[in-house]
Amino acid sequence: MFVLELTYTAPLDRVEPLLGAHVDWLDASYGTGVFIASGRKVPRDGGVILAAGDDRAAIERLVATDPFVTGGVCAYRITEFTATKTAPGLAPYRQEQA
């Protein structure tokens, strides 16, 4: 499991024009089952995405395709963790501790 924290590296007036493409990118990853939750940070200086998976390199490749990244308006911090405990609705995402 991964926590993807994005931080804007450009002013919002440069971020906004890329928002539609970013949302399309998010939707595609929800469609493949990789993304579980996402949203803006408060205050609005970036966002957070919860991603399922165990292949960090694949997540890094995916993040590199975000229009916010290709547009040069954000940077990602990727934190990998083992989801050994979840809410009942997230039980399919539970992982065994290594």
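Is Arg77 buried or exposed? Arg77 is exposed, with a relative accessible area of 56%; buried stands for under 20% relative accessible area, exposed for over 50%, and partly exposed for values in between, using a 1.4 Å probe and protein chains only.

The model shown is predicted: local features need pLDDT of at least 70, side-chain atom pairs count only at pLDDT 80 or more, and totals for chains, interfaces and linings use all residues. Residues are numbered from 1 along each chain as its sequence is written, and side-chain values use heavy atoms, with hydrogens and water left out.

**View 1. Salt bridges of Glu5.** A salt bridge is a side-chain nitrogen of Lys or Arg within 4 Å of a carboxyl oxygen of Asp or Glu. The whole structure holds five salt bridges. In the one between Glu5 and Lys41, the closest N and O atoms are 3.0 Å apart. This pair links distant parts of the chain, with Glu5 in strand 1 and Lys41 in the loop between strand 2 and strand 3, 36 residues apart. Strands (E, at least two residues) and helices (H or I, at least four) are DSSP runs numbered from the N terminus. Glu5 is partly exposed at 25% relative accessible area, and Lys41 is buried at 16%. Glu5 also meets Arg77 in a salt bridge, at 3.9 Å from N to O. Arg77 lies in strand 4 (residues 74-80) and Glu5 in strand 1, so this pair ties together parts that are 72 residues apart in sequence. Glu5, Lys41, Asp45 and Arg77 are linked in a network of salt bridges.

**View 2. The salt bridge between Arg44 and Glu16.** The closest N and O atoms of Arg44 and Glu16 are 2.7 Å apart.

**View 3. The cis peptide bond at Pro43.** Val42 and Pro43 are joined by a cis peptide bond, with omega about 5°. Pro43 is in the loop between strand 2 and strand 3. Most residues other than glycine have a negative phi, and most peptide bonds are trans.

**View 4. Aromatic pairs.** Rings of Phe, Tyr and Trp (its six-membered ring) pair if their centres lie within 6.5 Å; planes under 30 degrees apart count as stacked, over 60 as edge-to-face and the rest as tilted. By this rule there are three aromatic pairs. The rings of Tyr8 and Phe68 have centres 5.9 Å apart and planes at 80°, so they are edge-to-face. Tyr8 is in strand 1 (residues 2-8) and Phe68 in helix 4 (residues 67-70), 60 residues apart. Tyr8 and Phe68 are both buried. Tyr30 and Phe35 are also edge-to-face, with 6.0 Å from centre to centre and 85° between the planes. Tyr30 is partly exposed at 31% relative accessibility, whereas Phe35 is buried at 3%. Trp25, Tyr30 and Phe35 are linked by ring pairs into a cluster.

**View 5. The largest nonpolar core.** A nonpolar core is a set of buried Ala, Val, Leu, Ile, Met, Phe, Trp, Tyr and Cys residues joined through side-chain atoms within 4.5 Å. The largest one has 18 residues, of which Leu4, Leu6, Phe35, Ile49, Ile59, Phe68 and Tyr76 touch the most other members. At least two residues come from each of strand 1, helix 2, strand 3, helix 3 (56-63) and strand 4. Strand 1 gives the most, with four residues.

**View 6. The largest pocket.** A pocket is an open set of points on a 1 Å grid over the protein atoms alone, where a 1.4 Å probe fits, with protein on both sides within 12 Å along at least five of seven lines; lining residues have an atom within 4 Å of a point. The largest pocket has a volume of about 160 Å³, the volume being the space filled by probe spheres set on the points. Of its 14 lining residues, Leu19, His22, Leu26, Gly39 and Arg40 lie nearest the centre. Strand 1, helix 2 (19-31), strand 2 (35-40) and strand 3 (46-51) each give two or more residues to the lining.
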